[in-house]
Amino acid sequence: MNGVHAHIADAIKAPDLVRLGPNLYVARFETMKVYSTLVAVERLLASGRIAPGATLIDSSSGIYAYALALACHKFGLRCRIVGSKTVDQTLMVQLRILGATVEQVEPQATLKLDQSLRVARIHELLAADPGLHWMQQYHDDIHYHGYAPVAETLAASLGCAGLSVVGGIGSGCSTGGLAQALRERDASVELIGVQPFGSLTFGCQHLEDPGIIIAGIGSSIPFRNVRHALYDQVHWVSFDYGLAGSVALLREHAVFAGLSSGCCYLVAAREAALRPERNILFVAADTGHRYVEGVFAQYRDALDPRALAPKTIESLDELALPWSAMAWRRREYSSADTVSIDPASSGISAPAMAAPSPIF
């Protein structure tokens, strides 16, 4: 029957496209990674890399865990998740009722230690049971393929000429997969990646943000799925500024989305204002429910996003909280980008905000 889905994962996998301004759009997902995970698992089954009834395992404390549990539920597979103690009760209850086995590692002093401990635990489990299949969302480029149909929808709705895509970088698959698929139609499609301070993916591990609960769009360990040469610009946004964007997105447009979405909205809204000749689309990866206490409950203290602007930088040693922006120009990341850590300048004591200025 037309319009009837065989599984709930198929009903929620695609984003809703909403126009927020004359040249500003949001692709709003309920859970962004569902589409890519469904496609990845379907390909693994079709290729014989996994057998019916197999057990899939990965490390996640957020939307990938939910996406993998949904994919396993749809295809009759078993799911095993190694997460941190930050998995909230709403997600945990859903994962367990969906049939996933969830194991949480002990809290660690840093995000890097937490991610490293989870990966080490997965290696222990693989050694004990070689039949497990590790999905490796951070490293296996099979996760790119699921964004091709999303790109097709976006291209059909907005066209590709003069299009800029703004999204959290994270594992690299969502923004990278969208950009690759869109550039097959028009190589001029621009990609703007958003990172939290403290993420090493684009060389910001020397500058921590005390509110780094935006960890899902950054990383403390290298991700092979991040293809640096796909990005035209990179923005680093602090927790306070992401909060301002999240509250403004809800207040001004009634879009209830997560903290990374607020960061992307902040960047995209500014791009749209400065470059009216382009269509600016940003990705909202999930809903705001997980962030009610940590973000939205502070709405009275939210900054006015119209008063916020990035510091435009030419090299990574100029990075500074609370918002920095750099023209990356589709180049690879190299050892020359690595910033020498100066204990006197690391940490959070440099929240200087640049005066508003055009970006690039």
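Predicted model: local features only at pLDDT ≥ 70, side-chain atom pairs only at ≥ 80, totals over all residues.
Helix 2 spans residues 33–47 and helix 3 spans residues 63–75. Their axes come within 9 Å and cross at roughly 45°, which means that helix 2 is oblique to helix 3. The crossing of helix 2 past helix 3 is right-handed. On the side of helix 2, the residues in contact are Lys33, Val34, Thr37, Leu38, Val41, Glu42 and Leu45. They meet Ile63, Tyr64, Ala67, Leu68, Leu70, Ala71, Lys74 and Phe75 in helix 3. Sorted by class, this contact between helix 2 and helix 3 consists of eleven nonpolar, one polar and three charged residues.

The structure contains one cavity of 30 Å³ or more. The volume of the largest cavity is about 30 Å³. Its lining is formed by Asp58, Ser59, Val119, Trp134, Gln136, Gln137, Tyr138 and His139. By class, three residues of the lining are nonpolar, four are polar and one is charged.

Two features of the backbone concern loops. Most residues other than glycine have a negative phi, and most peptide bonds are trans. The peptide bond from Leu321 to Pro322, however, is cis, and its omega is near 5°. Pro322 is located in the loop between strand 11 (311–313) and strand 12 (323–327). Ala254, a residue other than glycine, has a positive phi, near 60°. The loop that holds Ala254 runs between helix 8 (239–253) and helix 9 (259–274).

Terms used. Residues numbered from 1 in each chain as written. Heavy atoms only, no water. Axes fitted to C-alpha atoms, helices over the stretch in contact; angles between N-to-C directions. Helix = DSSP H or I, 4+ residues; strand = E, 2+ residues; numbered from the N terminus. Parallel < 35°, antiparallel > 145°, perpendicular 65-115°, else oblique. Left-handed = near helix turned anticlockwise from the far one by under 90°. Contact = heavy atoms within 4.5 Å. Nonpolar A, V, L, I, M, F, W, Y, C, P; charged D, E, K, R; others polar. 1 Å grid on protein atoms, 1.4 Å probe; cavity = no way out; pocket = protein on both sides within 12 Å on 5 of 7 lines; lining within 4 Å. Points joined across faces, edges and corners; volume = space filled by probe spheres on them.
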